[in-house]
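Biologist: Could you walk me through this model, starting with the words I will need?

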Amino acid sequence: MLQVRNLHAAVNGRDILRGIDLSIATGEVHAIMGPNGSGKSTLARVLAGHPEYLVTGGEILFDGQDLLAMDPESRARAGVFMAFQYPVEIPGVNNAYFLKAALNAVRAHRGLEELDAVEFMELVRDRMTRLGMDESLLNRPVNEGFSGGEKKRNEIFQMAVLEPRLAVLDETDSGLDIDALKIVANGVNAMRRADRAFLLVTHYQRLLNYVVPDVVHVLAEGRIVRSGGKELAFELEEKGYGWIDTPANEASA
Amino acid sequence: MTGTVDQYIAEWERARPRWQRSGGDNLIRTREAALRQFAALGFPTTRQEEWRFTSVAPIAERTFSLARPATAAISSVDVDSLRLTTTPAVELVFVNGRHVPELSRTRTLPARSRVESLSSALESGNDLEARLTTTRWAEKQPFVALNTAFVEDGAWIQVPARTVLDRPIHLVFLASRDNADGALMLHPRVLISLGENSQASVIETYGGTAGGQYFTNTVTDIELDENAVLDHYKLQYESAAAFHVGATHVRAQRSATYRSHSISFGGALVRNDVIAVLDGEGVECTLNGLYTADAQRLVDNHTTIDHAQPHCASREIYKGILAEHARGVFNGKIIVRPDAQKTDAKQTNRALLLSEDAQINTKPQLEIFANDVKCTHGAAVGQLDDEALFYLRSRGLGDASARRMLIHAFAADVLNHLPLELVRAHIETRLQRELARVLPAAA
């Protein structure tokens with residue numbers, strides 16, 4: 001489903017990704033781990049099409065399409081979803097209104113009819129119940145005044161409503177207490193399907209206790225330096241990132 | 001500029017015989033005195049502090065004339081787009097400055113309430129000359145003097161004590177381009193008096209034929225007796241080539257409530273002045289405004305809230321959306337007189353610049369002479385938040401709809417303060433149309 005080949009990217013003139021190769025098949029859950037500044041979030045944002053990140057080399061194919069040639073909205077409509085590490089507060093834009101507009105834009109692209117207000121509310125209530133969300137969040141401005149946990153849950157809620165093909169979760173587990181973490185994990189697990197893939201960007205192994213990945217990658221200094229099964233995550237948890245063969249570690253060795 | 005003032009004098013002389021035929025020597029004297037005042041003042045220049053950022057040269061350099069009687073050949077379709085969706089108490093329609101009874105709608109009003117055209121009020125011998133000249137504040141305002149010099153029609157609204165009008169009063173001022181004598185000028189005057197404990201909503205809507213280069217110079221004078229409540233809407237939807245200068249003067253007595261909702265979407269050169277004198281204890285005054293402009297247009301909002309007595313509260317939010325090469329000016333003066341202790345004044349003004357070339361000149365002006373007061377002001381100028389824009393797009397919304405959603409959100413706190421749902425809907429529709437024009441929908 002997703003092929004990333006020799007991806008290089010920079011932000012504000014600084015090279016962050018220095019040749020990423022990554023392949024995700026449908027139905028798989030991949031985790032990307034790595035120390036701060038390794039480029040994990042950059043990879044997530046490049047996948048979503050953040051305009052501040054400049055791709056300086058390589059390519060990304062999504063279902064065979066050139067993802068880098070698509071603007072952010074086209075990627076979303078094609079089925080790419082990124083849960084933000086820091087969801088943006090948007091005063092004055094009603095959460096439900098925004099989500100309905102987004103859902104209908106995505107549905108239109110998929111050749112589905114627009115949902116009317118009643119159908120939309122049915123769908124939304126179902127997803128909110130599953131995620132244990134307070135319905136009052138719907139009528140508040142997008143993320144405004146939400147607690148950290150509410151913001152993260154709102155991201156998962158949007159994912160559940162938009163039903164993407166590839167969901168990229170950018171440190172959605174950071175800053176969550178264990179109850180919120182379980183809710184987020186359950187939300188992800190409930191959506192695991194043969195025709196959907198996940199890329200979990202995380203700093204901690206903790207989330208992977210609840211969402212068991214098929215593949216774990218370790219990112220360091222803008223490159224994937226190690227890939228393995230879920231046991232790699234435990235190894236990282238135990239030993240930290242110091243033992244990884246980063247280019248810098250090699251040089252000092 | 002003398003030459004241009006002479007043109008107004010000539011136009012005035014042309015109208016004199018008609019005014020003489022319709023009687024009222026006092027009124028002609030009032031007009032004549034105002035004309036002299038205007039001639040003495042001349043058009044303001046950018047050397048004057050109050051007009052520093054707004055050159056009225058485009059108005060001064062053109063020649064305008066009054067509409068000849070019976071040239072009003074405007075189709076009712078134009079009026080319909082400006083009407084409100086529900087029936088107001090009274091809807092007075094003015095075309096090219098004159099009341100058109102056939103297009104107006106009236107309903108039975110509570111006893112002794114008066115809502116009628118100024119022309120008929122003057123004809124039936126009401127002594128309104130005093131009211132036309134009590135505008136002390138007009139002495140330094142050439143456009144107010146000019147309005148008085150040519151005053152002919154407008155609206156006279158009088159709500160007696162303890163009377164509540166539960167439906168709004170709607171005044172529609174429409175300019176037609178088809179004036180045989182060149183560019184048209186209109187000088188409507190609106191007089192509103194609310195007796196003690198009375199309540200009303202008055203909506204003034206200004207519009208004109210698309211592309212019309214006319215000049216609307218309007219003055220509204222409001223007197224609120226004790227405990228009176230007025231919601232006052234000014235919806236300025238003039239043609240994008242028109243000139244609009246408007247002054248609203250309010251004097252509020254003890255415990256009165258005045259709420260002004262000023263919407264300014266039209267006009268090539270627009271200047272709105274709102275001057276509210278809080279002349280009794282416990283007055284509550286709200287001045288809210290929302291304006292948009294694109295191309296080379298200029299919108300200037302000047303407000304003055306004069307806290308003359310203690311324990312008054314004022315709230316003010318003005319928001320502007322400026323695209324392309326548009327310019328905005330906001331000047332918010334708050335005066336707190338020595339006696340006005342316990343004043344509580346809050347002013348906010350924000351501008352959203354949608355292009356590198358759009359500009360705003362903004363100036364809060366606090367003149368505080370009392371010591372036990374609470375006055376705050378804040379001004380902010382910004383662009384659309386790129387992170388918010390990306391967030392919306394990353395969920396599938398197209399760039400143009402995401403931008404429109406954010407601009408609309410910027411305007412929301414002014415829109416949400418509009419008490420009348422039907423007016424809000426009217427404005428929302430117009431705003432969406434403006435935004436669609438500035439940001440054509442992409443896929």
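Modeller: Two strands pair if DSSP finds at least two bridges between them; strands (E, at least two residues) and helices (H or I, at least four) are DSSP runs numbered from the N terminus. This is a predicted model, where local features need pLDDT of at least 70, side-chain atom pairs count only at pLDDT 80 or more, and totals for chains, interfaces and linings use all residues. Residues are numbered from 1 along each chain as its sequence is written, with chains lettered from A and ligands numbered from 1 in the order in which they are written.

Biologist: Over how many bridges do β1 and β4 of chain A pair?

Modeller: Both strands belong to an open sheet in the order β2-β1-β4-β5 (chain A), with antiparallel pairing. Strand β1 covers residues 2–11 and β4 covers residues 53–62 of chain A, and the number of bridges between them is eight.

Biologist: Which residue in β4(A) is the bridge partner of A:Ala9?

Modeller: Look along β4, residues 53–62 of chain A. There, the partner of A:Ala9 is A:Val55.

Biologist: What is α8(B) to α9(B): roughly parallel or oblique?

Modeller: Their axes, lines fitted to C-alpha atoms over the stretch in contact, with angles from 0 to 180 degrees between N-to-C directions, come within 9 Å and cross at roughly 130 degrees. Angles under 35 degrees count as roughly parallel, over 145 as roughly antiparallel, 65 to 115 as roughly perpendicular and the rest as oblique. Therefore α8(B) is to α9(B) oblique.
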